[in-house]
Amino acid sequence: MALASTTFSTKSGLSLWCPISPSLARRLPARFSPIGSRIASRGIVTASFANENREFVIIGGGNAAGYAARTFVENGMADGRLCIVTKEAYAPYERPALTKAYLFPPEKKPARLPGFHTCVGGGGERQTPDWYKEKGIEMIYEDPVTGADFEKQTLTTNTGKQLKYGSLIIATGCTASRFPDKIGGNLPGVHYIREVADADSLISSLGKAKKVVIVGGGYIGMEVAAAAVAWNLDTTIVFPEDQLLQRLFTPSLAQRYEELYRQNGVKFVKGASINNLEAGSDGRVTAVKLADGSTIEADTVVIGIGAKPAIGPFETLAMNKSIGGIQVDGLFRTSTPGIFAIGDVAAFPLKIYDRMTRVEHVDHARRSAQHCVKSLLTAHTDTYDYLPYFYSRVFEYEGSSRKVWWQFFGDNVGETVEVGNFDPKIATFWIDSGRLKGVLVESGSPEEFQLLPKLARNQPIVDKAKLASASSVEEALEIAQAALQS
């Protein structure tokens, strides 16, 4: 099954208008005059607005916002021009840490801010709150945008602030899918993870917990379970599928990881549906009741069943009803002039596979932010050409008997070839019509991991039988690399 199974024509029919601010126009050659530019009609802002920086406004304070801010700075267009509005109390940070090292117990050196502010995950500078001040970027914290008037180019925040923008970038990400209240979705002791405050609440529960149940067998479930056993807690993962991470792992690969988790003390209840969460006399969660009537005791429950695009007050923009999210073109322009969407919330054309997709991953958040801002600030019109990439790192705390780090690039379609014994390496290759479409490697070397995107992007013709006969992951990768050169 493909990672993004919905196929769609990449002809989106979106506006070719590209917003150019007055100050930017002064920096561009006289011959550069984008069709539809509204510079002349904007005039001077005379109304009273809460934000001083009005030329560019980013809504959202996650990964995408942080990398977008860096790109504005690199282009000399942040100081006095850029405003970021976030519902969180923190400057943008590398969100993946929240389900990994942030959840480690105190004695195992957990990650904490300011250690993982953007852009450290991408090899860049740590952008603390002081960094934004020094760069002249206006930050509005803990005040999410709740309303938008696109005609007047104004926004309204939760506290009633009125904000003005010239160009708007929506980087609101996703919200966690939740259980309904009527089945116990908001009981004390039930947790969802999207933000620092969510992770802090979970850590508080883990410090007192004895039995943890994690609902969901995807990335969140696997990462939280790996962290929970570090607290020496009775840990169970419950999910409706018959294997872990079904949208990516083959059954054989899933079996390898499941066995590793069992060796670390994690229990599995597969093929199970949740009926409701039960509460004790104090109102806190005490058990997970399954559809078959059985129960699993729990004093802490973590729900990791996916996420939904955080559309918020932007539902009047053109949406992609098939895959969710705000529809954009290859430059992340929406159909409304002057408005862009990046990161998890954007439904964009996946050029390499000729289909529309929406990607919930930090790598896409970083790259889409950089591409969008460069397109906005320059005459650059190259279409975003993203190569799907997923990874996970678990059991990386002190005292762990085995650290896990796998990377996947490409498309998981076609037949598969598995090489290696998982001690510690294993590789899975996806081959469709003779071409290598995707590859996953566990415990690869830096050089091997660097090879994977080259293979996935070039899609060389490979000899499936020869690949299957390889005696090691190293030999299999050499065969695939040789196919690149043939």
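Predicted model: local features only at pLDDT ≥ 70, side-chain atom pairs only at ≥ 80, totals over all residues.

Student: In what order do the strands of the open sheet come?

Tutor: The order is 9-16-10-11-12, 5 strands with parallel pairing. Strand 9 (190-191) and strand 12 (266-270) are at the edges; each has a single partner strand, so one side of each has no neighbour in the sheet. Helix 6 packs on this sheet, where it touches strand 10, strand 11 (234-239), strand 12 and strand 16. The direction of helix 6 makes about 170° with that of strand 11.

Student: How many residues of helix 6 are buried?

Tutor: Of the 10 residues in helix 6 (residues 219-228), 9 are buried. Among them are Y219, M222, E223 and V224.

Student: What does an antiparallel pair look like in this model?

Tutor: Look at strand 24 (residues 415-419) and strand 25 (residues 426-432), which pair in the antiparallel sense over 5 bridges. Within that pairing, V417 has F429 as its bridge partner in strand 25. The hairpin has 6 residues between the strands, and G420 takes a positive phi near 110°.

Student: Which residues does F429 touch beyond its sequence neighbours?

Tutor: Leaving aside residues up to four places away in sequence, its contacts include V417, V419, L436, L467 and A480. F429 also belongs to the largest nonpolar core, of 135 residues, where F72, F249, F314, W406 and F429 touch the most other members. Helix 8 supplies the largest share of this core, 7 residues.

Student: At what angle does helix 8 pack against helix 3?

Tutor: First the general idea: an α-helix has 3.6 residues a turn, so residues three or four places apart point the same way. In this model, helix 3 (residues 63-74) and helix 8 (residues 362-377) pack at about 35°, with axes 8 Å apart, and their crossing is right-handed. On the helix 3 side, the contact includes A64, Y67, A68, T71 and F72; on the helix 8 side, it includes V362, A365, A369 and V373. By class, this contact has 10 nonpolar, 3 polar and 3 charged residues.

Note on methods:
Residues numbered from 1 in each chain as written. Heavy atoms only, no water. Pairing = 2+ DSSP bridges. Helix = DSSP H or I, 4+ residues; strand = E, 2+ residues; numbered from the N terminus. Axes fitted to C-alpha atoms, helices over the stretch in contact; angles between N-to-C directions. Left-handed = near helix turned anticlockwise from the far one by under 90°. Contact = heavy atoms within 4.5 Å. Nonpolar A, V, L, I, M, F, W, Y, C, P; charged D, E, K, R; others polar. Buried < 20%, exposed > 50% of the residue type's maximum accessible area, 1.4 Å probe, protein only. Core = buried A, V, L, I, M, F, W, Y, C linked by side-chain atoms within 4.5 Å.
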